[in-house]
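Here are my notes, colleague to colleague, for you to read beside the coordinates.

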Amino acid sequence: MKLKELESHLSNVENFSNAKEYLEQYMTTPHLAARMIYTAQTQYDDIESRSLIDLGIGTGMLSIASCLLNADHVFGFDCDLDALGLCQLNIKEFELESSIDLIQADLRRMSLPIDLNRIKADTVIMNPPFGTKPFSTSTENQDELCLSGIDMHFLNYARQLAQHSIYSLHKTSTRDHIYKKAKDWNMKIDVLAVLQFDIPKLEKKRPNRKISTASNAPLKSIEVDFIRFEIKDNADD
Amino acid sequence: MLTSNVLKGITKGFPLKISSTKVENAPVDYNRDFIIRIMQRIEYDALRGAVTDLGLHESLPETISESTQQNEEFLKKLHKVLLEYEVEEGELICPETGRKFPISKGIPNMLLQETEVS
């Protein structure tokens, strides 16, 4: 399948109608998702016939893109039941029910009631929260949640789940830190592209004004690195 | 879906028992190469346990030998069990602690419960 064709298919993925700002539910656009997954396949052969894990699956955009490029199977994780419901609708629309399995789990937590070793996949794909939120509005008990460096927290889970490689997006401004972490974690790191990512520009709440939500807020563009991590201590290598 | 394997596969206190109130069965295109690849990753005994838990009328051989793994009939049965059965409603039960993880609309809930958050 050609890149343009992939992007065109992905334009049918339904976006969040009421995105939750505290979860940073910004959809990976068809344009970005197509380029990420297309690159992972055509340059690295990491999608077709591979088993995948999608962390923070959201609308299912990256997983659906992967299945359109013939991924074997995807396990998608998200903590939010509304997102999982939307994702399920999208999966159904693309008739990919047998290729993508969803699991509700909260990756913000420091530990999961799941044996990560049992569910390992060849490739992990993700568009993690960037930790850019201006304020936290979650009302739930946050004691056990990771609130700072959330993208690195996702990456830490990803490296335990990936047998071979990880594709992820991170703010360009944090690149030095990511290089350092990748070294600590013994991963090869390649910044494949610098992309513009539009995220909702949220205003501080004022009592008289209608509260803007992530879905209807004006957008601001931030620079993000599209990064490929390779697990070095893989026995196959 | 691969539900039975996934659910079995992801849990501590392995394998979890499955109980179900609603199981669906829908045909899925057979992909032999995929089944052969996925077979390497499955805990076969756990899968057999899941088939028993769910009371599915599918007989899987007790052990799989080299020749079974090439047997077309066996591969198709594996395909059916792994991909065509889906637990829509039910729960996963940890054999050690008795902790239950609900399955709703086909999605297992592996969130920690309030009482587990210290």
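1. Chain B has 118 residues, and 29% of them count as buried. Here a residue is buried if 20 or more other C-beta atoms lie within 10 Å of its own, exposed if 12 or fewer, and partly exposed in between, with C-beta atoms placed from the backbone. For chain A, with 237 residues, the buried share is 43%.

2. A word on conventions before you go further. This is a predicted model, in which local features need pLDDT of at least 70 and side-chain atom pairs count only at pLDDT 80 or more, while totals for chains, interfaces and linings use all residues. Residues are numbered from 1 along each chain as its sequence is written, and chains are lettered from A and ligands numbered from 1 in the order in which they are written.

3. Next, the elements. Chain B holds four helices and four strands, in the order α-β-α-α-α-β-β-β from the N terminus. Chain A holds six helices and seven strands, and its order from the N terminus is α-α-β-α-β-α-β-β-α-β-α-β-β. Helices (H or I, at least four residues) and strands (E, at least two) are DSSP runs, numbered from the N terminus.

4. In chain A, residues 24 or more positions apart make up 72% of the contacts with a separation of 6 or more. Two residues are in contact if their C-beta atoms, placed from the backbone, lie within 7 Å.

5. The largest nonpolar core is worth a look, with its 80 residues. Such a core is a set of buried Ala, Val, Leu, Ile, Met, Phe, Trp, Tyr and Cys residues joined through C-beta atoms within 7 Å. Those with the most contacts inside the core include A:Ala33, A:Ile37 and A:Val124. Helix α2 (residues 30-42) of chain A supplies the largest share of this core, seven residues. Leaving out residues up to four places away in sequence, A:Ile37 touches A:Ile47, A:Leu62, A:Ala65, A:Ser66 and A:Leu69.

6. Helix α1 (residues 3-10) of chain A packs against α2(A): their axes come within 9 Å and cross at roughly 135 degrees. Axes are lines fitted to C-alpha atoms, for helices over the stretch in contact, and angles run from 0 to 180 degrees between N-to-C directions. The pair α1(A) and α2(A) is therefore oblique, since angles under 35 degrees count as roughly parallel, over 145 as roughly antiparallel, 65 to 115 as roughly perpendicular and the rest as oblique. On the α1(A) side the contact is made by A:Leu3, A:Leu6, A:Glu7 and A:Leu10, and on the α2(A) side by A:Pro30, A:His31, A:Ala33, A:Ala34 and A:Tyr38.

7. A:Asp45, which is not a glycine, has a positive phi near 60 degrees; A:Asp45 sits in the loop between α2 and β1 (51-55) of chain A and is exposed, with 11 other C-beta atoms within 10 Å. A:Asn70, also a residue other than glycine, has a positive phi of about 70 degrees. A:Asn70 belongs to the loop between α3 (61-68) and β2 (73-78) of chain A and is partly exposed, with 15 C-beta neighbours inside 10 Å.

8. Finally, is A:Leu86 buried or exposed? With 25 other C-beta atoms within 10 Å, A:Leu86 is buried, and its place is in helix α4 (residues 81-93) of chain A.
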